[in-house]
Number of protein chains: 2
Amino acid sequence: MELKQYLNEMKANVEAYIREYFEPKIDPPTLHEAMKYSLFAGGKRIRPVLCITAYEACGGNYKDILPQASAIELIHTYSLIHDDLPAMDDDDLRRGKPTNHKVYGEAMAILAGDGLLTEAFLMFTKNLDNNIQDKLLIEAIRELAACAGLYGMVAGQAMDIIAEGKTPQKETVEFIHKHKTGALLKASVMIGGILFGASQQQRVALHTYGRNIGLAFQVVDDILDIVGTTEELGKPKGSDYAKMKMTYPAVYGIEESKQIAAKFIKEAVQAADVFEQRSGWLKQIANYLLERTN
Amino acid sequence: MELKQYLNEMKANVEAYIREYFEPKIDPPTLHEAMKYSLFAGGKRIRPVLCITAYEACGGNYKDILPQASAIELIHTYSLIHDDLPAMDDDDLRRGKPTNHKVYGEAMAILAGDGLLTEAFLMFTKNLDNNIQDKLLIEAIRELAACAGLYGMVAGQAMDIIAEGKTPQKETVEFIHKHKTGALLKASVMIGGILFGASQQQRVALHTYGRNIGLAFQVVDDILDIVGTTEELGKPKGSDYAKMKMTYPAVYGIEESKQIAAKFIKEAVQAADVFEQRSGWLKQIANYLLERTN
């Protein structure tokens, strides 16, 4: 199977799960619609796919962990809705469509985000056919909450807001990337391993893999903000640059940023060696994330 | 022991736990400060106390569940921060102090709320001395996430926003109260029972107790908004009324609202009978919640 086909199939599995999960009517209908609007605005579902790929690299079957993998997408979606708010990054477009608050208003967008974040923990604790040990499920919840919150994404977004307009500094841009984007990507990979009950050696490998692709991912995003087209990006080109966001290209320039991203990906690919014949998708996904810069 | 002393002692236990938990430095410091500002703005900690009281009514010792009881307060606090935002209820004062966004700005207030909500699940899964069965802990997480989110608080706040300024309707005001305030109070009580591994009979009793005090609590709050003083309330008297919020007094008038609250409390007190000699605090707390109207 080609990578593209694998990614599309896993994406379809995750989307089908989320779609069915959100099928039953929730009151008030506006809240329900607002959440579904952003959930189905065309995301690549890379976090759930990474979670699944890590789980299968350990020897599992993705069907066991669809609720957990999908829950990570709920958290990612909430973060996009809140990040786009006027008080935050004040973005009107996301993936080429009007942002949530542009369609549903600020109050409903805040609540749609709060609802998705909270529901993520309900979805995450759905144990299909009791295939996951309770102990491992709790450990995975802790990884998710830590990396989505004060030791990850929320802290990264807070630093991003605080740093806006200030002179770019290496330490700050590294903090932002590691926390804002890197932490949840790393968690996605780790959760796959935790839920399987991976060995210590496998966990270390997944940690190295997840950390490195997480860092590379945001560097690539920063580069694309400058070299990509508005059509490719789904938002105005150079919008981070215009807001004086602290990015890798702002600190290192574009060429050195590309080299940094390539180095992260190389380390990720090497770490995946531990999984031997099951390492294929992990390696291909890592390389695919980098290719976006070319 | 007098009720006042019991409430103060349990409140102090919860506050000490939260204070110690948030002692270690979190980056960025502004985010950390913003969360602590609202966490220590003088709440009564009634939700954690209810959780503890239910757990002890079943036969447990509060020390086992301090993380879980305290985590509920983090969720309550996040909801206050987000509810006060300009896009939501636009309140400048809370418990007599400037609201979070008035001090830290809107972006940091949104993130402080997101951070508290996410951290609540990390705190909740801290299993002190492994005194709680993993299975029960997961069941309790599900109760918390359901009642704080789309089947409770978030849905209630969304309906509250949608209903603002519209002609008061019984069904709508009941939906708002049951979800916005009632659900988390009910969950606080239920979580105490779940974490102990309460019997089916005890769970049914706690559910009836929790549902009724939850409903009474918001009716009493609505009444106090009209008959209380600004000093007692910590916010301008009549502020809900001025915003044309859908409240019990708006639908039923003050006298009938008082009778409704009294009926809820009577049912809660009766339900607590199941706990026989351990029912004292549950009953006294229920009556105390009602007394605020006199």
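**Helix packing, chain contact and backbone features**

Helices H9 (residues 170-196) and H10 (residues 200-227) of chain B pack at an angle of about 145 degrees, their axes 8 Å apart. Axes are lines fitted to C-alpha atoms, for helices over the stretch in contact, and angles run from 0 to 180 degrees between N-to-C directions. Helices (H or I, at least four residues) and strands (E, at least two) are DSSP runs numbered from the N terminus. By class, the contact of H9(B) with H10(B) has ten nonpolar, nine polar and four charged residues. Here Ala, Val, Leu, Ile, Met, Phe, Trp, Tyr, Cys and Pro count as nonpolar, Asp, Glu, Lys and Arg as charged, and the others, Gly among them, as polar.

The model is predicted: local features need pLDDT of at least 70, side-chain atom pairs count only at pLDDT 80 or more, and totals for chains, interfaces and linings use all residues. Residues are numbered from 1 along each chain as its sequence is written, and chains are lettered from A and ligands numbered from 1 in the order in which they are written.

In chain A, the axes of H2 (residues 29-39) and H6 (residues 106-124) come within 9 Å and cross at roughly 75 degrees. H2(A) is therefore roughly perpendicular to H6(A) (65 to 115 degrees; under 35 is roughly parallel, over 145 roughly antiparallel, the rest oblique). The residues of this contact divide into eight nonpolar, three polar and no charged.

Between the chains, 40 residues of chain B are in contact with 40 residues of chain A. Contact requires C-beta atoms, placed from the backbone, within 7 Å. H6(B) gives the most to the side of chain B that touches chain A, with twelve residues. That side has 26 nonpolar, seven polar and seven charged residues.

The buried residues of H2(B) include Leu31(B), Met35(B) and Tyr37(B). A residue is buried with 20 or more other C-beta atoms within 10 Å of its own, exposed with 12 or fewer, and partly exposed in between. The buried residues of H2(B) pack against H8 (153-163) of chain A, together with H1, H4, H5 and H6 of chain B.

The peptide bond from Asp27(A) to Pro28(A) is cis, with omega near -10 degrees. Pro28(A) lies in the loop between H1 and H2 of chain A. A cis bond also joins Asp27(B) and Pro28(B). Arg45(A), not a glycine, has a positive phi of about 60 degrees. With 24 C-beta neighbours inside 10 Å, Arg45(A) counts as buried.

Note on methods. Contact = placed C-beta atoms within 7 Å.
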